[in-house]
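Subject: Structure handover

Dear colleague,

Here is the structure you asked to have passed on. Please look it over; my notes follow below.

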Amino acid sequence: MHVLLLSMPDAFEHTPTIGMCMPNGALASLAGNIDAHHTVAIADLVLVPDDVVGTVERLVREQPPDVIGISCMTFQRRTALRLLRRLRAWCPEACVVAGGYDPSLATEAWMGADGVDLVVRGEGERTFRELLRAIEAGGESAPLAGIAGLTWRAADGTVVHNADRPPSHRLDETLAPPNRGARVLDGYTFLGDPVDVVETSRGCTFDCSFCSIIEMRGRNFYTREMARVIADITDARDHGARVIFIVDDNVTLDVRRFEALCEAIIEAGLQDLRFIVQGMTSAFAAHGDRLAPLMRRAGFEYVFLGIENVLEADLTFLKASAKNAQREGGRRVGNATLAAIDVLHRHGIFIVGGLIVGNPEDTADAIETNLAFARRYVDWPYIQHPTPYPRTPMNEDFRRQDLIVNERLEEYDGTTAVVRSAHLTADEIEFLRWRSERWMKVRHMPAVLRRRPGFVLRNARALLAHTFRGSSWRSVVGLESAREVFRRYKAIRARERDYVTVGP
């Protein structure tokens with residue numbers, strides 16, 4: 001059988017145009033874990049934001065698929081379903097399978113949609129492999145009924161939810177390496193350098209209210225063997241990557257293992273690559289004096305730091321206090337954020353500051369406190385709004401407090417405020433973040449210029465145009481208010497979300 005795996009674009013916030021375009025690692029893992037006699041093609045549609053429909057039509061015309069898999073986040077659902085309507089017209093006999101966070105956590109919405117035959121819930125590698133075997137054998141209801149993690153439709157139209165599949169805990173025994181060679185599009189970049197993603201562990205033991213991971217796989221943490229990880233990094237490099245994003249849910253849960261990873265990278269001679277990782281403030285605050293210099297030697301350039309918020313009341317709401325706590329002698333002595341930032345900065349590592357503003361009790365002063373902190377301490381802001389994704393604790397909290405003001409899921413992208421606080425409208429919350437965040441991004445350009453001069457010189461105009469969408473010469477000279485620019489920016493964002501129109 002020929003299998004086509006698709007991932008949806010990120011609504012123009014991460015595209016080749018602005019130098020940040022990451023591959024979908026889950027699809028490469030799916031491709032690596034199906035039986036070898038199938039052919040598989042991966043199309044990360046983030047690479048072709050201006051020609052999604054044309055690209056997909058070309059791929060299905062060139063080699064008609066027997067099975068189409070689509071990976072999707074909540075804010076991509078509307079567009080994905082529109083694309084599936086076109087796929088049904090082009091490939092009426094193909095079996096269409098949905099997977100990823102949104103189909104896993106809002107399965108009923110997908111099984112009730114036109115064009116979707118089955119949903120793979122949770123981790124997909126083994127479920128998808130068994131599904132292909134069942135389809136190949138004829139797809140009878142009995143084989144489908146025995147596949148854990150699968151939702152399907154019986155002959156009488158009844159939707160059947162098979163038992164959940166337990167998360168993989170012996171990752172190296174149960175999962176084969178990813179198949180990067182199945183990708184049929186190219187151009188993944190991070191600030192102009194070819195980039196790829198590598199997974200060294202899965203899961204997290206914390207229960208942050210905004211996170212979907214717990215609902216997807218429970219509270220757990222399973223790791224890969226270091227030799228396997230180094231082989232995967234080497235494979236990514238051999239496929240052209242010069243930057244590696246370690247995409248683990250929480251690699252800093254085991255600091256000793258993370259140190260061993262850095263040492264293994266150095267021993268394998270892979271420190272000429274540049275690495276990005278995401279981690280907890282508490283881990284870097286407690287172990288940074290030993291860990292940060294080792295990371296620097298191994299080639300780590302950026303750390304996405306889950307700061308979440310600098311106000312304790314907001315951290316409590318986000319259920320993120322524990323992972324941002326600084327401890328001495330086993331006692332909690334304060335917030336770990338400043339200590340983590342300080343030690344990473346002292347060793348030349350940039351901070352991508354992840355913050356969440358617009359929580360239930362936030363005032364304008366509370367939001368400004370977080371924005372001022374970001375302006376002073378982080379290199380690149382990644383400031384989002386609390387978003388009530390399906391089945392997360394946050395969803396329940398906001399509904400109970402009647403704070404959700406926007407049910408348009410295509411706007412659940414983290415940068416659009418869809419909830420109000422007790423003191424501010426959603427529009428005011430988003431405006432405060434937007435007005436400040438644009439200038440924070442510009443402040444990082446000189447640092448990027450020093451490390452990647454060619455990229456900045458070639459793309460400065462496009463980067464500034466993207467960052468300041470909605471601006472005009474009138475706003476530049478002060479003849480228009482920031483509110484008017486914000487209104488135009490919002491209209492641009494709405495148009496960007498409609499890159500797949502309704503109907504075939």
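How are H15 and H17 oriented to each other? The model is a predicted one. In it, helix H15 (residues 364-377) packs with helix H17 (residues 426-443) at an angle of about 10°, and angles under 35 degrees count as roughly parallel. H15 and H17 are therefore roughly parallel to each other. Their axes are 10 Å apart. On the H15 side, the residues in contact are Ala364, Ile367, Leu371, Ala374 and Arg375. They meet Ile429, Leu432, Arg433, Ser436, Met440 and Arg443 of H17. By class, this contact of H15 with H17 has seven nonpolar, one polar and three charged residues.

H12 contributes Thr281, Phe284, Ala285, Gly288, Asp289, Ala292 and Met295 to the contact. From H14 come Thr337, Ala339, Ala340, Val343, Leu344 and Arg346. The contact of H12 with H14 divides into eight nonpolar, three polar and two charged residues.

The last item is on the surface. Trp473, Val476, Val477 and Leu479 form a nonpolar patch there, and together they have about 490 Å² of accessible area. Leu479 lies in the loop between helix H20 (473-476) and helix H21 (482-496).

Regards

Technical notes. Residues are numbered from 1 along each chain as its sequence is written. This is a predicted model: local features need pLDDT of at least 70, side-chain atom pairs count only at pLDDT 80 or more; totals for chains, interfaces and linings use all residues. Side-chain values use heavy atoms; hydrogens and water are left out. Contact means heavy atoms within 4.5 Å. Helices (H or I, at least four residues) and strands (E, at least two) are DSSP runs, numbered from the N terminus. Ala, Val, Leu, Ile, Met, Phe, Trp, Tyr, Cys and Pro count as nonpolar, Asp, Glu, Lys and Arg as charged, and the others, Gly among them, as polar. Patches are made of residues with over 30% relative accessible area and no salt bridge: like charges are joined within 9 Å, nonpolar side chains (Val, Leu, Ile, Met, Phe, Trp, Tyr) within 5 Å. Accessible areas come from the Shrake-Rupley method with a 1.4 Å probe; for residues, only the protein chains shown count as cover. A salt bridge is a side-chain nitrogen of Lys or Arg within 4 Å of a carboxyl oxygen of Asp or Glu. Axes are lines fitted to C-alpha atoms, for helices over the stretch in contact, and angles run from 0 to 180 degrees between N-to-C directions. Angles under 35 degrees count as roughly parallel, over 145 as roughly antiparallel, 65 to 115 as roughly perpendicular and the rest as oblique.
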